[in-house]
Amino acid sequence: MSVDYDVIIVGGGHAGTEAAAMSARLGARTLLLTSVLDTIGQMSCNPAIGGIAKGTVVREVDALGGLMGRAADRATIQFRMLNRSKGPAVWAPRAQCDRTLYRRAVRRLLEEFPALELTQGMVTNLLLERGGTRISGVETGDGRTFSARAVIITAGTFLRGRIHLGTDTQIPAGRAGDQPSVHMAEAIEHIGLTVSRFKTGTPPRIDGRSVDWSKVERQDGDVDDYRFSFHERVERPRQVPCWITWAGEEVKEIIQHHLKESALYGGAISGRGPRYCPSVEDKIVKFPGAKRHQVFLEPEGLDTNELYVNGLSTSLPAAVQLEFLHAVPGLERAKMTRPGYAIEYDYYPPTQLTPWLEVKAVEHLFFAGQINGTTGYEEAAGQGLIAGINAVRRIRGEEPIVLGRDDAYIGVLVDDLVTRGVDEPYRLFTSRSEFRLLLRQDNALRRLLPLAERLGLLTSSELRAAERRLAEEMSILTLARETAITPAQATRPLAASGTVLAEGERIAVVAKRPGVSLSALLEAAGVGAGASPEAVHAAEIEIKYDGYLAREQEAAGRLAELASFALPTELPYLELKSLATEARQKLDRIRPTSLAQAARIPGVSPSDLHNLVVEATRWRRRVA
């Protein structure tokens, strides 16, 4: 039996669900094919969405019509805006979520798309045509065949996944309780792609009823009523606190004593782990001078007492995990409901992909998520969105969409992957962007709405809601720039800054002073009543940082000039003798689409770039 689709997505994680949503929004007949339907949208690791840079990605996904922000809003049981004491470029929305509510929300949102079908099945083979250079569908282990014009693989940690609990316990699994995908891994490798291994891990879970709450610090969410989604405002569930404790000297001694029993340090794992989300064993070994390490107790949901012990990711045996848990203040009598574990899995170095996430060796085959060497729900969602849009555009003969590094953090993420590759699980940070003041969490809608509208990614009601939001921001900016405030009116708003106003001045000018609130100035002047705090905040950033923003926009313009110089895909780099040998080899392997992308390849010098322009121009004339 064979069923025909425009696009098939293999995998129901965060990359897969966003890819499915984008494909279906664009009207393509779409199939989301996953090994277990009940785990679509599953939060396999920590029960949270957002964080540093990641929260901005969630808002970018939402601005383009994605699901993650909407699902998070329906499942948020605590919201915090991180880094509020710092500049707006690093403000980071983060939501603690109820796992069950999040998964249900993703499933419900997906089922609203009439062009999308959800089917359970384990993919065991990829169907190819044109001598193996174009994907044509997939086969499942139960004998079904599904034909498609494009296939997106979002397999997460399932490709030859193996769970490690100590050096003696190894379980083939994509995550605890789920079978790994071995046959599909073999099918991908058969295509001829380079394959490697990474590892990641998860901490133990405990029963909250066994915690001594008098010994841990309570951490409540923000009072402000933040949301991720720009397009809707749903009612949030009941809000609950998290708690903070510490792993100190006693924990360090236990782990050091049992270090050889760790799968990571006992030699059972060969894959490299994430630098920025290390296991507790890594923390003890690599930071021996640290007296203690912070541990967060995060609720798994409103209908359970189970807590996620964030900060104690481990591959030690279960008995050792319980021993070091009991050495943590407040957890002396903790009951471990699930042990932590490490998981090792296949990934495919992403320099084998185009900037629109299509496999270079196989037309209309796309990869998104951890299969590309990334870590994190948000990074996966951003890739899934790009793959979903471009799979549809490619089968329709349209130009693929590539977000620039000055357009979105998603653009930074994808460009880093396909241009520089990865040597450890990739995690997004604000420091990876040259334009982080332009790429803020508050202006994601303003940056990306024109693209969403051009591509037809939003419904008419979503467009109207987005336009109202942007119109409100512009209205506040106009008020601030055109309305004057008197010295008397400005007395109270300026009190905290220790300055005074000698004569009447426009609100926008006064708001540039350090420590002066635009909201307070508007209120004192009697204008802007009823404006949303989000709109006022966005306008305030534009006012306070307009000089810095102008400089970043100028730099982005220079990058755009480089990007406008397209490089022919057939350019014979190895024959370009005016380029250094290292540059020729790396350019031939990555095959950049623009001079800007070529400039970001390690080993390509400014003189190589100059010569590349000459060589590309000469080659175009020769083949014309």
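Reader: What should I know about the model before I start?

Author: It's predicted: local features need pLDDT of at least 70, side-chain atom pairs count only at pLDDT 80 or more, and totals for chains, interfaces and linings use all residues. Residues are numbered from 1 along each chain as its sequence is written, and side-chain values use heavy atoms, leaving out hydrogens and water.

Reader: How many residues of strand β5 are buried, and why call it enclosed?

Author: Strands here are DSSP E runs of at least two residues, numbered from the N terminus. Buried means under 20% relative accessible area (1.4 Å probe, protein chains only). Six of the six residues of β5 (92-97) are buried, so the strand is largely enclosed by the rest of the structure.

Reader: What about its two faces?

Author: In a regular strand the side chains alternate between the two faces of the sheet. Here Ala-92, Arg-94 and Gln-96 are buried on one side, and Pro-93, Ala-95 and Cys-97 on the other.

Reader: Which strands pair with β5?

Author: Pairing takes at least two DSSP bridges between two strands. β3 (48-50) pairs antiparallel with β5 over three bridges, with Ala-48 bridged to Gln-96. β4 (76-82) also runs antiparallel to β5, over six bridges, and Met-81 stands opposite Pro-93.

Reader: In what order do the six strands of the open sheet come?

Author: The order is β14-β15-β16-β17-β13-β18, with antiparallel pairing. The edges are β14 (217-219) and β18 (336-338), each pairing on one side only. Inside that sheet, five bridges join β15 (242-247) to β16 (293-299), and Ala-247 has His-293 as its bridge partner.

Notes:
Buried < 20%, exposed > 50% of the residue type's maximum accessible area, 1.4 Å probe, protein only. Helix = DSSP H or I, 4+ residues; strand = E, 2+ residues; numbered from the N terminus.
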